[in-house]
Amino acid sequence: MNTSICTSDFLEDLRALAQQHLPNVELVLVPSVKAWCEATQAAVQSPFKCGAALRNRETGRFVVLLAEEITPDMHASRMAVLRMRPSLNDDRRKQLEVPQGFVRHLLLHEVAHALDSTRNEEQCDDWAFQQLERPHAA
Ligand SMILES: [Zn+2]
């Protein structure tokens, strides 16, 4: 990918997708997920972090953060991880190369963390692909 993905281009679609799984979820687009997380709670290792799932302790409401801008470096960094997943077939890889497919998968990955905090990164990625392959999500 040569140009950045602007997540706000897909905001309504992403919000509807998140709400299918987490009806009360708040979706927030931020300039830097890393900076946002560090300002509020734990330190984050990757400067390329594209998203995060948090829970508001006062309200119990889930908050999913996505970067406002997914730069080509951020996309490449995430794709390097996803390419190692044994479950990544050609159809799934093609989906991730399209901006909307990439951001939908990214969002669902964070939703997967929110729904079950015991899931690891690979389980969240696989769950996200499964949701995208369900007929109603198309
Ligand atoms: Zn994750």
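**Exercise 1.** How close do the axes of H5 and H6 come, and at roughly what angle do they cross?

*Solution.* The model is predicted: local features need pLDDT of at least 70, side-chain atom pairs count only at pLDDT 80 or more, and totals for chains, interfaces and linings use all residues. Residues are numbered from 1 along each chain as its sequence is written.

Step 1. Helices (H or I, at least four residues) are DSSP runs numbered from the N terminus. Axes are lines fitted to C-alpha atoms over the stretch in contact, with angles from 0 to 180 degrees between N-to-C directions.

Step 2. The axes of H5 and H6 come within 8 Å and cross at roughly 120 degrees.

Step 3. H5 is therefore oblique to H6, the class left after under 35 degrees (roughly parallel), over 145 (roughly antiparallel) and 65 to 115 (roughly perpendicular).

**Exercise 2.** Determine which residues of H5 and H6 meet.

*Solution.* Step 1. Contact requires C-beta atoms, placed from the backbone, within 7 Å.

Step 2. From H5 come Arg104, His105, Leu108, His109, Ala112 and His113; their partners in H6 are Cys124, Asp125, Trp127, Ala128, Phe129, Gln131 and Leu132.

**Exercise 3.** Is Asp125 buried or exposed?

*Solution.* Step 1. A residue is buried if 20 or more other C-beta atoms lie within 10 Å of its own, exposed if 12 or fewer, and partly exposed in between.

Step 2. Asp125, found in helix H6, has 24 other C-beta atoms within 10 Å and is therefore buried.

Step 3. Not counting residues up to four places away in sequence, Asp125 touches Leu82, Arg85 and His109.

Methods. Helix = DSSP H or I, 4+ residues; strand = E, 2+ residues; numbered from the N terminus. Contact = placed C-beta atoms within 7 Å.
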